[in-house]
Amino acid sequence: MNDIQVGLIGFGNIGAGVVRLLQDNADVIRSKVGTGIVLKRIADLDITSDRGVVVDPGLLTTSVDDIFNDPEISVVIELIGGYEPAKTFVLKAIEKGKHIVTANKALLALHGSEIYAAAVRKGVEVQFEASVGGGIPVLTAIKSNLAANYFSSVFGIMNGTCNYILTRMTQEGAAFSDVLKVAQELGYAEPDPTFDVEGVDTAHKLAVLISLCFGTNIDFSDIHTEGITNISGMDVKYAAEFGYRIKLLAIGKLVDGKIEARVHPTMIPLDSPLADIHGVFNAIRLTGDFVGPVMFSGRGAGQNPTASAIVGDLIGLSRSMRVGAGRRMSPLGFMDEAIVTIPVKPMADVFSKYMLRFSALDKPGVLGGIAGALGLYGISIESMVQTSHDVADSTPVAIVIMTHEAREGSIQEALSEIDQLDIICEKTSFIRIEENLE
Ligand code: HSE
């Protein structure tokens, strides 16, 4: 069989990694596929900058049509990221009968159903292993090795930038903004780091995971999304005192026929395996009814791990093409007619334990005021600490309360009432706690 001819759209950091991997590991790839995988064209608006890899200048083009209109190109790798023009390019490539490999979680989270439907109509595949967890082979595992299971939950630490920042805040007491700068220099952060630190990138990945685990196309706006920009050194310190570590956690759970879909800073027990995922590493923990809990971890960002996942997808597609298979599997791993709509639980109805950190005046009745308001909303206190003062004065003290499980809506209402009290000096911070990670 002839070599598999591939077109690459987007010659940035990850694109250059793919080019280098295809060059450096050409022999091992050939030994696993039976043919070569050849990059026929590379399209980018900038075809003059040095990407640190040697390519024949004749491959480079500024026109994506050179890829779409080349009948020999059977697979298009989309690596420009973002919603547009990525969506237009992917749909056009599908229309031209080309298989797609993409790392674009933003595109799939918002427009996945349209793209998958177009691919199904045309009988081509859409592969996107690199979109979640960089080099970690979790999506293929869900679609293939674990396909026999009903899943009940998926938890993920899926943003290397945030995990790197939280790790350094925890280990060194470093400040948020200083660490973000380093993460950007190391090439982990998205071009716009607000997507990383505000939790949007993690929510994109959660949308992809939920659709694969539960066979549903979740509406992205239904995912409750909070980032780490409000996490302070004090939160990190108190969490540790109570035996927890703060992680930006993606949570997808099936509870009573509804999905909990949320991304927010979360305190997890220090002895849980996810608490040991440090720096740029990502981890995804899934629970299936027969397999039980399974955890995947590895490098979730960066040029080489992401290129590894992209070329892995290319190899899978090439193997299918070699034996003459058309579309081997629907994009989500479910039969198209089996995709269902599952309602998403409103955040107000979610139950969790909380760490509440009040900044209050140190004077008689303060604790009573706070505890009374919590009690009125049915929120029960599990334990508390207060920073000590030698004498009562006007300097605010930190009162940190751990609650028993409470309804989110009640917590929100109680805190907005407590924050009106004149003994409270700052908006109260609260962090959700997740103890059962199965
Ligand atoms: N910006 C992402 C991260 C990289 O920090 O994990 C890949 O999605």
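Which residues does the domain assignment of the chain give to domain 1, domain 2 and domain 3? In this predicted model, local features need pLDDT of at least 70 and side-chain atom pairs count only at pLDDT 80 or more, whereas totals for chains, interfaces and linings use all residues. Residues are numbered from 1 along each chain as its sequence is written, and side-chain values use heavy atoms, with hydrogens and water left out.

The assignment, whose bounds come from an automatic or database source, places 4-134 together with 303-334 in domain 1, 139-299 in domain 2 and 347-433 in domain 3. The C-alpha centres of domain 2 and domain 3 are 26 Å apart, and their contact (heavy atoms within 4.5 Å) takes 18 residues from domain 2 and 16 residues from domain 3.

The secondary structure of the chain comprises 14 helices and 17 strands, taken as DSSP runs (helices H or I of at least four residues, strands E of at least two) and numbered from the N terminus. With a radius of gyration of 24 Å, close to the 22 Å that the globule rule gives for 438 residues, the chain is therefore as compact as a globular protein of that length; the radius is taken over C-alpha atoms, and the rule is 2.2 Å times the number of residues to the power 0.38. Along the principal axes, the C-alpha atoms fill a box of roughly 80 × 45 × 35 Å.

Of the 438 residues in the chain, 54% are buried, that is, under 20% relative accessible area with a 1.4 Å probe, protein chains only. Among contacts between residues at least 6 apart in sequence, 74% join residues at least 24 apart.

Notes
Buried < 20%, exposed > 50% of the residue type's maximum accessible area, 1.4 Å probe, protein only.
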